[in-house]
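Subject: Structure handover

Hello,

Here is the structure you were waiting for. My notes on it follow below.

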Amino acid sequence: RIFFLFSTQEVKLIIPFLIVLFLVLFYYSLNDLRLIFNDKIIFNIFQNASYVLNSKSPKNVSELSFVKRVVDGDTLELENGQKVRYIGVNTPETKYPRKSVECFGREAYEENKKLVAGKNVRLVKDVSETDKYGRLLRYVYLDDIFVNDHLVKNGFAQVSTYPPDVKYKNMFLESQRQAKIANAGLWKSCP
């Protein structure tokens with residue numbers, strides 16, 4: 001009905017123009033959407049939603065939890081009293097009943113405490129739910145810090161993976177290799 005003001009000849013010219021105009025506007029709208037989605041907050045919301053929706057099993061779903069206290073370099077306790085053991089890494093012992101405090105154990109404990117104590121962390125399951133002591137087995141994230149890898153990369157922990165929980169084994173091994181080369185943390189301090 002809009003075209004009643006125009007002759008048939010003019011309509012034949014206007015329709016292709018409108019189609020081109022629509023395509024140009026559509027193209028720039030997509031670019032604007034791409035710019036909007038590259039904004040970190042919005043992008044992360046959609047990325048996380050996509051990650052959860054595309055997961056084949058609940059093991060990939062993360063949970064946000066408050067850290068009541070840090071037990072040692074690779075274990076923490078949640079607000080609900082449940083203990084969490086970091087997957088794929090092992091720090092020198094500080095609390096083991098039959099062992100004395102191991103070399104660099106205190107430093108690993110302090111680093112873990114500095115990172116996560118009194119904060120909300122994101123916990124992500126691999127395959128196993130718990131270890132033989134009943135502790136949750138999780139990858140731990142604080143904002144954009146992957147805590148498990150951070151501890152290895154900075155020489156506070158060694159790689160210690162047990163199948164089937166081996167999702168980041170290669171990443172951890174590479175981080176450990178770099179820490180050894182850099183003579184970081186326990187690689188410098190402990191024989």
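In what follows, a contact means heavy atoms within 4.5 Å. By that criterion, and leaving aside residues up to four places away in sequence, tyrosine 139 touches Ile87, Arg122, Leu123, Val124, Asp126, Phe146, Asn148, Asp165, Val166, Lys167, Tyr168 and Phe172. Please keep in mind that this is a predicted model.

Overall layout. The protein has 6 helices and 8 strands. Read from the N terminus, the order of elements is α-α-β-β-β-β-α-β-β-β-α-β-α-α. Of its 191 residues, 36% count as buried. Among contacts with a separation of 6 or more, 57% are between residues 24 or more positions apart.

Core. Tyr139 is also one of the residues with the most contacts inside the largest nonpolar core, along with Leu76, Tyr86, Val116, Val140 and Val147. That core has 33 residues. At least two residues each come from β1, β2 (75-78), β3, α3, β5 (120-124), β6 (136-142) and α4 (147-153). The element that gives the most to this core is β6, with 6 residues. As background, nonpolar side chains tend to be buried together in soluble globular proteins.

Pocket. The largest pocket has a volume of about 700 Å³. Its lining is made up of 25 residues, and those nearest the centre are Arg85, Glu93, Asp131, Tyr133 and Arg135. By class, the lining divides into 12 charged, 9 nonpolar and 4 polar residues. At least two lining residues come from each of β1 (62-72), β3 (83-86) and β4 (89-90). Of the elements, β3 gives the most to this lining, with 3 residues.

Disulfide. With sulfur atoms within 2.5 Å as the criterion, the count comes to 1 disulfide. The bond joins cysteine 103 to cysteine 190, with an S to S distance of 2.0 Å. The link between cysteine 103 and cysteine 190 is left-handed, at -90° about the S-S bond. Which parts of the chain does the pair tie together? Cysteine 103 lies in the loop between β4 and α3 (105-116) and cysteine 190 in the segment after α6 (186-189), so the pair links parts that are 87 residues apart in sequence. Cysteine 103 has a relative accessibility of 38% and therefore counts as partly exposed, since that class lies between the buried limit of under 20% and the exposed limit of over 50%.

Regards

Conventions. Residues numbered from 1 in each chain as written. Predicted model: local features only at pLDDT ≥ 70, side-chain atom pairs only at ≥ 80, totals over all residues. Heavy atoms only, no water. 1 Å grid on protein atoms, 1.4 Å probe; cavity = no way out; pocket = protein on both sides within 12 Å on 5 of 7 lines; lining within 4 Å. Points joined across faces, edges and corners; volume = space filled by probe spheres on them. Helix = DSSP H or I, 4+ residues; strand = E, 2+ residues; numbered from the N terminus. Nonpolar A, V, L, I, M, F, W, Y, C, P; charged D, E, K, R; others polar. Buried < 20%, exposed > 50% of the residue type's maximum accessible area, 1.4 Å probe, protein only. Core = buried A, V, L, I, M, F, W, Y, C linked by side-chain atoms within 4.5 Å.
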